[in-house]
Amino acid sequence: MEIEHYNFIKVWILAIISLCYCYYISSKLPKGIFKLISLTPIFIFFLYLPLTISTAYLAGITAFFLSWLANFKLLLLCFDQPPLSPPPSNLFHFISLASLPIKSKQKTPSQNKSQQPQRSILFAIKVLILALLYHCYGHKQNLHKNVVLVMFCVRIYIELELALALAATLARAMFGFEIEPQFNEPYLATSLQDFWGRRWNLMVTSILRPTVYYPIRRISTRLLGSRWSSLPAVVAVFVVSGLMHELIFYYMTRVAPTWEVARFFILHGVAVVAEVVVKKVVPDKMRLHPVVSGALALGFVAVTAVWLFLPQLVRNGVDEKNIGEYSKLMDLIKGLLPF
């Protein structure tokens, strides 16, 4: 396990060196094809790096941060698009924005102060729930398999939220960034559109809009007109997201894709499109109450996740490996602490 964490550190040292090159190139070349060609080796390198890590959760984190987010941000940089353009004056700011799932925002002190206690309480509750889930995993042989699966779903969400919150906290502490939240209480969603567009993994949403949604919408506007131009763009976003999730699952399992995860996202893309169409043609007074529509949306997410999203992870024992790897990581961290 210690050797694996050494490999993880080595991978990130190589990633930082690569981003130093990107920072230098971005100031020397104009936007367009030449900058794209100059950064293409980095795109390929960032796709390769997770393959050098065998631990599932470390490979998954690296793939998400580098193979997906960093590559997409660097692609936008090639055409002088945010968040890396204009390039930050500080190299460390550039590396942080490129490699971590963070997005800086304008400071709103009064709003931050009012929301901080509530976020701290919710954070503490989620940590307690996660600790309880890990405790229950020690007795899962006595639990029904569906209960274990629900526990796994909840654990994935909390672990992902806490990991992204930790990355944002480190960036705030080291560089003084004001960070956009990664999640916006997705369990309070009122529709699928609300869940995916405004509540779940907002860093992915913000990076898929300029790289996929806006270009496809511009093209479809010419073909379908402005009223329906968003529909192909929405489907395209979910297709790309599905493919990227298949890639991350491959890094974690090293098993050939079964395309269940891609089908999960395509199905949700079609469902969101249907929801958008209904909202356009059905008057407001005839729509479902937000509480009802939200419950239906969350139920749809849960059922389809059990059907298509989770089986590949469970089938390849990622949940079991994650528990063991997490325990070893905690033991390693405790051994490094001076108290």
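Asp194 counts as buried, since its relative accessibility is 7%; buried means under 20% relative accessible area, exposed means over 50%, and partly exposed is in between, with a 1.4 Å probe and protein chains only. You'll find Asp194 in helix 7. Here, helices are DSSP runs of H or I with at least four residues, numbered from the N terminus. Setting aside neighbours within four places in sequence, Asp194 is in contact with Leu188, Ala189 and Arg199, where contact means heavy atoms within 4.5 Å.

Before going further, keep in mind that this is a predicted model: local features need pLDDT of at least 70, side-chain atom pairs count only at pLDDT 80 or more, and totals for chains, interfaces and linings use all residues. Residues are numbered from 1 along each chain as its sequence is written, and side-chain values use heavy atoms, with hydrogens and water left out.

How confident is the predictor? pLDDT is its confidence in each residue, from 0 to 100. The protein chain averages a pLDDT of 85, and 87% of the residues score at least 70. Over residues 109-114, though, the pLDDT is below 50, and this stretch has two contacts in the model beyond near neighbours in sequence.

**Rings that pair up**

A pair of aromatic rings is described by the distance of the centres and the angle of the planes. Rings of Phe, Tyr and Trp (its six-membered ring) pair if their centres lie within 6.5 Å; planes under 30 degrees apart are stacked, over 60 edge-to-face, and the rest tilted. By this rule the count comes to 21 aromatic pairs. Here are two of them:

| Pair | Centre to centre | Angle between planes | Type |
|---|---|---|---|
| Trp196 and Phe238 | 5.8 Å | 90 degrees | edge-to-face |
| Tyr250 and Tyr251 | 6.4 Å | 55 degrees | tilted |

Trp196 lies in helix 7 and Phe238 in helix 9, so their pair ties together parts that are 42 residues apart in sequence. Trp196 is buried at 13% relative accessibility, and Phe238 is buried too, at 8%. Tyr250 is partly exposed at 31%, whereas Tyr251 is buried at 3%. Ring pairs also link residues into a cluster, with Trp196, Phe238, Phe249 and Phe309 among them.

**Helix 8 and its kink**

Where does helix 8 bend? There's a kink of about 55 degrees at Arg209, shortly before the proline Pro210; the bend is the angle between axes fitted to the seven residues ending at a residue and the seven starting there. Helix 8 covers residues 202-224, and its end C-alpha atoms are only 28 Å apart, short of the 33 Å a straight helix would reach. That expected span is 1.5 Å times one less than the number of residues. Its buried residues include Leu202, Met203 and Tyr213, and what covers the buried residues of helix 8 includes helix 3, helix 7 and helix 9. Just after helix 8, Gly225 takes a positive phi of about 90 degrees.

**The nonpolar core**

A nonpolar core is a set of buried Ala, Val, Leu, Ile, Met, Phe, Trp, Tyr and Cys residues joined through side-chain atoms within 4.5 Å. The largest one has 88 residues, of which Phe46, Trp68 and Leu74 touch the most other members. Helix 3 gives the most to this core, with 16 residues. Leaving aside neighbours within four places in sequence, the contacts of Leu74 include Leu19, Phe46 and Phe94.

Notes. Helices (H or I, at least four residues) and strands (E, at least two) are DSSP runs, numbered from the N terminus. pLDDT is the predictor's confidence in each residue, from 0 to 100.
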